[in-house]
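Biologist: I have the sequence and the model open. Before I use any of the labels, I would like to hear what each one rests on.

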Amino acid sequence: MLTVSALKRLHIVVSFELADGECIALQGPSGVGKSLLLRAIADLDPNEGSVELDGVSRETMSAPVWRRQVTYVAAEPGWWADTVQEHFTDWDLATPLVDQLGLPASCGTWPIRRLSTGEKQRLGLVRALLLHSRVLLLDEPTSALDAASTASVEALVAARVSAGTSVLWSTHNSGQARRVGSRLFMMASGGHLEEHSL
Ligand SMILES: Nc1ncnc2c1ncn2[C@@H]1O[C@H](COP(=O)(O)OP(=O)(O)OP(=O)(O)O)[C@@H](O)[C@H]1O
């Protein structure tokens, strides 16, 4: 169980609980603060308030240890080496996921500069999935994808949710919010969350 209590980041103030094996869809107008919220939960930016995993505060552990358990996945993931496979500890572990997301295993040798936006997005998700985090904070993970790739991502994440992973999934697509979420949070302009029925 992820417990977020009075989390404050700029204008945002939120409290909620995310159960094991639950996916909450997060919607709201562009610029309302969805990314700010996801990044604050992962402790990537300065913020106040309490965030606990099974009652254990993130303050009891180092930021890298927290982020391996509560992992933010950016819509535009970052890259620091020349080729795809250099970003993976073990490329062989990545290839089944790469395949499920419609990319060839040979893409490991591809230079990052040749990747399309959607290829980067899928490979960034694979990187995160290999951590087997307890909580995934997905920031518009299919914003650059076609319908088939979007369906692959939704299926892969659904399998993780069934296996107990908790997910907070930001999306502008109401249909996707209904497909992936068992609950729906709308972020209002004041920076608070309202739960809506799906
Ligand atoms: N470091 C910062 N300092 C001040 N304001 C910021 C900072 N980072 C983001 N903002 C502002 O906070 C607001 C919320 O940004 P955020 O990226 O969370 O929106 P969002 O809801 O995810 O939008 P979108 O749906 O377009 O991705 C924006 O107006 C943005 O300019």
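Modeller: This is a predicted model. Start with strand β1, residues 2–9, which is joined to β2 by six bridges, the two running antiparallel.

Biologist: What makes β1 and β2 a pair?

Modeller: Pairing takes at least two bridges. β1 and β2 have six, so they count as paired. Among the positions involved, Leu2 has Leu18 of β2 as its bridge partner, and Lys8 stands opposite Val13 in β2. In the hairpin of these strands, two residues lie between them, and Leu10 takes a positive phi near 50°.

Biologist: Why are β2 and β5 said to stand at the edges?

Modeller: The open sheet has four strands in the order β2-β1-β4-β5, with antiparallel pairing. β2 (12–18) and β5 (56–57) each have a single partner strand, so one side of each is left without a neighbour in the sheet.

Biologist: Which strands does helix α1 lie across?

Modeller: Helix α1, residues 34–41, lies across β1, β2 and β4 (48–53), at about 120° to β1.

Biologist: How do you know that Leu168 is in contact with Leu18?

Modeller: The test is C-beta atoms within 7 Å, placed from the backbone. Leaving aside neighbours within four places in sequence, Leu168 is in contact with Leu18, Ile24, Leu26, Leu38 and Leu137. Leu168 is also one of the residues that touch the most other members of the largest nonpolar core, which has 43 residues. Ile41, Leu137, Val167 and Trp169 are also among them.

Biologist: Where does the name "ABC transporter" come from?

Modeller: From UniProt, where an unreviewed entry lists that domain at residues 1–198. In the model, this span is 31% helix and 26% strand, and its end C-alpha atoms lie 22 Å apart.

Methods:
Residues are numbered from 1 along each chain as its sequence is written. This is a predicted model: local features need pLDDT of at least 70, side-chain atom pairs count only at pLDDT 80 or more; totals for chains, interfaces and linings use all residues. Two residues are in contact if their C-beta atoms, placed from the backbone, lie within 7 Å. Axes are lines fitted to C-alpha atoms, for helices over the stretch in contact, and angles run from 0 to 180 degrees between N-to-C directions. UniProt positions are given in the numbering used here, feature names are shortened, and annotations may be inferred rather than shown by experiment. A nonpolar core is a set of buried Ala, Val, Leu, Ile, Met, Phe, Trp, Tyr and Cys residues joined through C-beta atoms within 7 Å. A residue is buried if 20 or more other C-beta atoms lie within 10 Å of its own, exposed if 12 or fewer, and partly exposed in between; C-beta atoms are placed from the backbone.
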